[in-house]
Amino acid sequence: MIKKIKIKNKMYNLKVASTPSQQKKGLSNIKKIKKNQGMLFCYDAEKPDRVFTMKNTYFDLWIIFLDKNFKEVKIQKGKARSTKSIKCDVPSHYVIEIPA
C-alpha cells in the first residue's frame with residue numbers, strides 16, 4: 001500500500017510497513033529510491049525507545065518519529081551503512097523514512 005503525505009511542502013509516496021517483517025526490513029538492501037519516495041512505519045501502539053539501524057541501507061535518510069496525532073516528536077539523519085543505532089526516547093506511534 002502507498003500513502004501520499006505532504007512533508008514541508010513536498011509530496012511523498014510512502015510505502016506502508018505495517019507488519020513486523022515489513023518493519024524489520026524497512027528500506028534495507030534497496031540500492032536507490034526516488035527523492036519523493038520513502039516508507040511509513042505504522043505501529044499498533046505509541047511507545048518510547050523505537051530503534052532503527054542503517055547498516056544495510058545504501059543512502060542517507062531522514063528518520064521522522066511521530067506521535068499518535070501525527071505530530072513530529074523527533075527527527076534524525078541516518079547515514080548510509082552506519083552501525084550506529086538511531087533511537088527515539090519519547091513515545092512514537094509512526095515513523096517516516098525519506099531520502100536525506
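## Close-up views of a predicted model

**View 1. Aromatic rings meet inside the fold.** A search of the whole structure finds 3 aromatic pairs (rings of Phe, Tyr and Trp, its six-membered ring, pair if their centres lie within 6.5 Å; planes under 30 degrees apart count as stacked, over 60 as edge-to-face and the rest as tilted). In phenylalanine 41 and phenylalanine 52 the ring centres are 5.1 Å apart and the planes meet at 85 degrees, so this pair is edge-to-face. The two residues, 11 apart, link distant parts of the chain: phenylalanine 41 belongs to strand E3, and phenylalanine 52 to strand E4 (residues 50-52). Strands here (E, at least two residues) and helices (H or I, at least four) are DSSP runs, numbered from the N terminus. Both phenylalanine 41 and phenylalanine 52 are buried, where buried means under 20% relative accessible area, exposed over 50%, and partly exposed in between (1.4 Å probe, protein chains only). Ring pairs join Phe41, Phe52 and Phe65 into a cluster.

A note on reading these views: this is a predicted model, in which local features need pLDDT of at least 70 and side-chain atom pairs count only at pLDDT 80 or more, while totals for chains, interfaces and linings use all residues. Residues are numbered from 1 along each chain as its sequence is written, and side-chain values use heavy atoms, with hydrogens and water left out.

**View 2. Two charged side chains sit over tyrosine rings.** Here a charge sits over a ring if NZ of Lys or CZ of Arg is within 6 Å of the ring centre and within 35 degrees of the ring normal. Lysine 31 places its charged end over the ring of tyrosine 58, 4.0 Å from the centre. Arginine 50 lies over the face of tyrosine 43, at 3.7 Å from the ring centre.

**View 3. Six strands line up in an open sheet.** The 6 strands follow the order E1-E2-E3-E8-E5-E6, with mixed pairing; two strands pair if DSSP finds at least two bridges between them. Strand E1 (2-7) and E6 stand at the edges with a single partner strand each, so one side of each is left without a neighbour in the sheet. From one strand to the next, the twist averages 30 degrees (axes are lines fitted to C-alpha atoms, for helices over the stretch in contact, and angles run from 0 to 180 degrees between N-to-C directions). On E1 you will find isoleucine 2, which is exposed, with a relative accessible area of 56%.

**View 4. Strand E5 pairs on both sides.** Strand E5 (residues 61-66) runs antiparallel to strand E6 (residues 72-78), and 6 bridges join them. Look for tryptophan 62 opposite lysine 77 in E6, and for leucine 61, whose bridge partner in E6 is glycine 78. E5 is also joined by 6 bridges to strand E8 (residues 92-99), again antiparallel, and isoleucine 63 stands opposite glutamate 97 in E8. E5 is mostly covered, with 5 of its 6 residues buried. The hairpin of E5 and E6 has 5 residues between the strands, and there phenylalanine 70 takes a positive phi near 70 degrees.

**View 5. Strand E3 meets E8.** Strand E3 (residues 37-47) and E8 are antiparallel and joined by 5 bridges. Lysine 47 of this pairing stands opposite serine 92 in E8.

**View 6. Two loop residues have positive phi.** Aspartate 49, in the loop between E3 and E4, has a positive phi of about 65 degrees although it is not a glycine. Its relative accessibility is 53%, so aspartate 49 counts as exposed. Arginine 81 sits in the loop between E6 and strand E7 (86-88), and its phi is near 65 degrees, again positive in a residue other than glycine. At 45% relative accessibility, arginine 81 counts as partly exposed.

**View 7. The largest pocket has 16 lining residues.** Its volume is about 240 Å³ (grid points are joined across faces, edges and corners, and a volume is the space filled by probe spheres set on the points). On a 1 Å grid over the protein atoms alone, a pocket is an open set of points where a 1.4 Å probe fits, with protein on both sides within 12 Å along at least five of seven lines; lining residues have an atom within 4 Å of a point. Gln23, Lys24, Ser28, Phe52 and Thr53 lie nearest the centre of the pocket. Helix H1 (20-25), E3 and E4 each supply at least two lining residues, and H1 gives the most, with 3.
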